[in-house]
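Biologist: I would like to learn how to read a structure like this one. Can we take it feature by feature?

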Amino acid sequence: MIQVRGLTKRFGAVSAVADLSFDVHEGELLAVLGPSGCGKSTLLRLIGGYVRADSGVISIGGRDMNGLPPEARNIGMVFQDYALFPHMTALENVEFGLKMRGMAKTERRARAVEALAFTGLAGIEERAPGTLSGGQQQRLALARAIAPKPALLLLDEPLSNLDARIREQMRGELRNMQKRLGLTTILVTHDQEEALLIADRIAILERGRLHQCSTPLEICLRPATPFVAGFLGLTP
């Protein structure tokens with residue numbers, strides 16, 4: 001289980017994340033939804049260790065993450081732009097994180113091949129990222145994130161750069177992959193339909209504050225605040 005308690009981060013006078021507290025259950029896909037600038041990506045980076053919190057506690061599997069760098073948190077991360085290494089092959093991209101963790105060459109090669117096959121990319125091991133389609137690049141970023149078998153997967157708008165047809169297809173693939181792995185996942189998105197269709201629960205933020213964290217059905221039937229109702233176009 002992931003536990004967040006009293007998490008706060010300010011950038012100057014701006015409160016990007018304001019006293020957030022919530023849990024993410026094991027094997028759950030939690031979508032973080034809200035308007036631009038509401039603190040979604042900052043929250044993800046705080047959990048991942050890419051940004052240091054001003055106050056609050058983040059624990060993963062009962063272990064306090066405060067002060068730990070990303071590589072010590074046992075997480076996988078997919079960035080909005082995928083952050084693939086253009087000078088490496090697809091296989092080398094997936095192997096990179098495993099190499100940084102000190103995994104032996106034979107084991108990391110086998111793990112990388114397995115991750116590529118799992119994400120439907122068998123046969124493209126020697127291709128450069130620039131020769132792949134947008135959907136293939138997204139799968140490659142996912143393969144790299146899941147290869148270390150993390151306790152938590154963080155996804156920052158992973159489908160936003162895809163066209164509508166591919167995005168709809170990848171949405172289903174992403175959810176199926178997450179279910180097959182039983183991997184606890186936090187997905188940041190601005191796409192309401194995406195969150196409502198694939199998330200087990202949705203956390204709705206506005207100006208760094210959490211308005212509601214519930215199932216899609218509960219949110220639609222009983223929006224907790226006027227903001228939630230207005231944001232989703234519901235009658236409060």
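Modeller: We will go through the domains, their interface, the salt bridges and some backbone angles. Keep in mind that this is a predicted model.

Biologist: Which domains does the assignment give?

Modeller: Domain bounds here come from an automatic or database assignment. For this protein that gives domain 1 (2–74 + 151–231) and domain 2 (82–140). Note that domain 1 is written as two segments. The C-alpha centres of domain 1 and domain 2 lie 25 Å apart.

Biologist: How many residues does each domain put into the contact?

Modeller: Domain 1 supplies 12 residues and domain 2 supplies 8 residues.

Biologist: And what area is buried between domain 1 and domain 2?

Modeller: The general idea first. Interface size is often quoted as the accessible area lost when the parts come together. Here, domain 1 and domain 2 bury about 800 Å² between them. Carbon and sulfur atoms give 56% of that area.

Biologist: How many salt bridges are there between domain 1 and domain 2?

Modeller: The cut-off to keep in mind is 4 Å, from a side-chain nitrogen of Lys or Arg to a carboxyl oxygen of Asp or Glu. Between domain 1 and domain 2 the count is 1 salt bridge. Look also at polar contacts. Across this interface, 1 residue pair is in polar contact, with both residues at pLDDT 80 or more. On the side of domain 1 that touches domain 2, the residues divide into 7 nonpolar, 3 polar and 2 charged.

Biologist: Which side chain meets Arg139 in a salt bridge?

Modeller: That of Glu173, at 2.9 Å from N to O.

Biologist: How many salt bridges does a search of the whole structure find?

Modeller: The search finds 12. One of them joins Arg5 and Asp23, with the closest N and O atoms 2.8 Å apart. Arg5 sits in strand β1 (residues 2–11) and Asp23 in strand β2, so this pair ties together parts that are 18 residues apart in sequence.

Biologist: What does Glu95 pair with?

Modeller: Glu95 forms a salt bridge with Arg109, the closest N and O atoms being 3.1 Å apart. Glu95 lies in helix α2 (residues 90–100) and Arg109 in helix α3 (residues 105–118), so the bridge ties together parts 14 residues apart in sequence. Glu95 is buried at 7% relative accessible area. Arg109 is partly exposed at 36%.

Biologist: Where does another local pair occur, say the one with Arg222?

Modeller: The side chains of Arg222 and Glu218 meet in a salt bridge, 2.8 Å from N to O. Arg222 is partly exposed at 48%, and Glu218 is partly exposed at 28%. Networks come next. Salt bridges that share partners join Glu95, Arg108 and Arg109 into one network.

Biologist: Where is Arg108, and what does it touch?

Modeller: Arg108 is in helix α3. Arg108 is buried, with a relative accessible area of 14%. Setting aside neighbours within four places in sequence, Arg108 is in contact with Glu95, Leu98, Lys99 and Met103.

Biologist: Which residues of α2 are buried?

Modeller: They are Ala90, Leu91, Asn93, Val94, Glu95 and Leu98. These buried residues pack against α3 and α4. Just after α2, Gly102 takes a positive phi of about 85 degrees.

Biologist: Which residues other than glycine have a positive phi?

Modeller: Asp19 and Lys149 are among them. Phi of Asp19 is near 55 degrees, and phi of Lys149 is about 55 degrees. Asp19 is placed in strand β2 (residues 14–24). Lys149 is in the loop between α4 (134–146) and β7 (152–156). Asp19 counts as exposed at 53% relative accessibility. Lys149 counts as exposed at 54%.

Terms used: Residues are numbered from 1 along each chain as its sequence is written. This is a predicted model: local features need pLDDT of at least 70, side-chain atom pairs count only at pLDDT 80 or more; totals for chains, interfaces and linings use all residues. Side-chain values use heavy atoms; hydrogens and water are left out. Contact means heavy atoms within 4.5 Å. Buried area is the accessible area (1.4 Å probe) that two parts lose on being put together, summed over both. A polar contact is a pair of N or O atoms within 3.5 Å; within protein, one must be able to donate a hydrogen and the other to accept it, and residues adjacent in sequence count only if both atoms are side-chain atoms. Ala, Val, Leu, Ile, Met, Phe, Trp, Tyr, Cys and Pro count as nonpolar, Asp, Glu, Lys and Arg as charged, and the others, Gly among them, as polar. Helices (H or I, at least four residues) and strands (E, at least two) are DSSP runs, numbered from the N terminus. Buried means under 20% relative accessible area, exposed over 50%, partly exposed in between (1.4 Å probe, protein chains only).
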